[in-house]
Amino acid sequence: MASMCNLISSSSTSVLRWNHDVFLSFRGEDTRYKFTDHLYAALVNKGIRTFRDDKLKRGEEIAPLLLKVIEESRLSIVVFSENYASSRWCLDELVKIMECRQKIRQILVPIFYHVDPSDLRTQKGSFEKSFASHERHGRDSKEKIQRWRAALTEASNLSGWHLFEGYESEHIKKNH
């Protein structure tokens, strides 16, 4: 797989004006202070304008702002972790990222962090439990849940990084 820096520098700069090179989507409880923090630091240290949600100002309405940031990013990195699908917000971000991939040809780099892409594709294991919980609570329409499922399936079919073991910093250095 091409390095992250090569993907960013070779992606089209066409008519759109990018405010961020990279948008990071991740389940905070799973990876915020571990892998995602290391990845963020490596990207920023290379001069890559990277957005993660801790840059939000207190009191700002989160949903519209994050959706706008996704649209204004050249590339999205999604860190799929065991509990990613338990977050309704992560799933909403993923749907938006997949829309931007289709509409503006935004690049998506999936990172499978201690999860098997086939579990996303078939929504087994923790992904199955998360969707069962979403359906049981009934806060979201069947159509919305179906969009989440479709986005996960589509993203799981993309080539990405697979991190199951080893030093996280070495994975980042090798693929960055």
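**Strand pairing and aromatic pairs**

Reply: Phe26 has Val79 of strand 3 as its bridge partner. This is a predicted model, and the description below should be read accordingly. The pairing to which these two residues belong is parallel, with six bridges joining strand 1 to strand 3. On its other pairing, strand 1 meets strand 2 (residues 50-51), again in the parallel sense, over two bridges. Strand 1 (residues 20-26) is largely enclosed by the rest of the structure, because seven of its seven residues are buried.

The structure holds four aromatic pairs. In one of them, the ring centres of Phe23 and Phe51 are 5.8 Å apart and the planes are at 10°, so the pair counts as stacked; the cut-off for that term is an angle under 30 degrees. The two partners come from distant parts of the chain, Phe23 from strand 1 and Phe51 from strand 2, 28 residues apart. Phe23 has a relative accessible area of 1% and is therefore buried. Phe51 is likewise buried, at 5%.

A further pair involves Phe80 and Phe112, whose ring centres lie 5.8 Å apart with the planes at 15°, so this pair is stacked. Since Phe80 belongs to strand 3 and Phe112 to strand 4 (residues 107-113), the pair ties together parts that are 32 residues apart in sequence. Phe80 is buried, with a relative accessible area of 0%, and Phe112 counts as buried at 0% relative accessibility. Ring pairs also bring in Tyr84, linking Phe80, Tyr84 and Phe112 into a cluster.

Strand 3 deserves attention at Ser73 as well. Ser73 is found in this strand, which covers residues 73-80. Its relative accessible area is 0%, so Ser73 is buried. A polar atom of the Ser73 side chain lies 2.7 Å from the backbone oxygen of Val69. Leaving aside residues up to four places away in sequence, Ser73 touches Trp18, His20, Asp21, Val22, Phe23 and Gln106. Phe23 in that list is the residue whose ring is stacked with that of Phe51.

Rings also take part in contacts with charged side chains. Arg52 lies over the face of Tyr40, at 3.8 Å from the ring centre. Arg149 is placed over the face of Phe131, at 4.4 Å from the ring centre.

Tyr40 leads on to helix 3. In helix 3 (residues 35-45), the buried residues include Phe35, Thr36, Leu39, Tyr40, Ala42 and Leu43. They lie on the same side of helix 3, because the arc they cover around the axis is only 165°. After helix 3 comes Gly47, whose phi is positive, near 80°.

To draw the parts together: strand 1 is joined to strand 3 by six bridges and to strand 2 by two. The stacked rings of Phe80 and Phe112 link strand 3 with strand 4.

Terms used: Residues numbered from 1 in each chain as written. Predicted model: local features only at pLDDT ≥ 70, side-chain atom pairs only at ≥ 80, totals over all residues. Heavy atoms only, no water. Helix = DSSP H or I, 4+ residues; strand = E, 2+ residues; numbered from the N terminus. Buried < 20%, exposed > 50% of the residue type's maximum accessible area, 1.4 Å probe, protein only. Polar contact = N/O pair within 3.5 Å; in protein donor to acceptor, adjacent residues only side chain to side chain. Contact = heavy atoms within 4.5 Å. Pairing = 2+ DSSP bridges. Phe/Tyr/Trp six-rings, centres within 6.5 Å; stacked < 30°, edge-to-face > 60°. Lys NZ or Arg CZ within 6 Å of the ring centre and 35° of its normal. Arc of directions from axis to C-beta.
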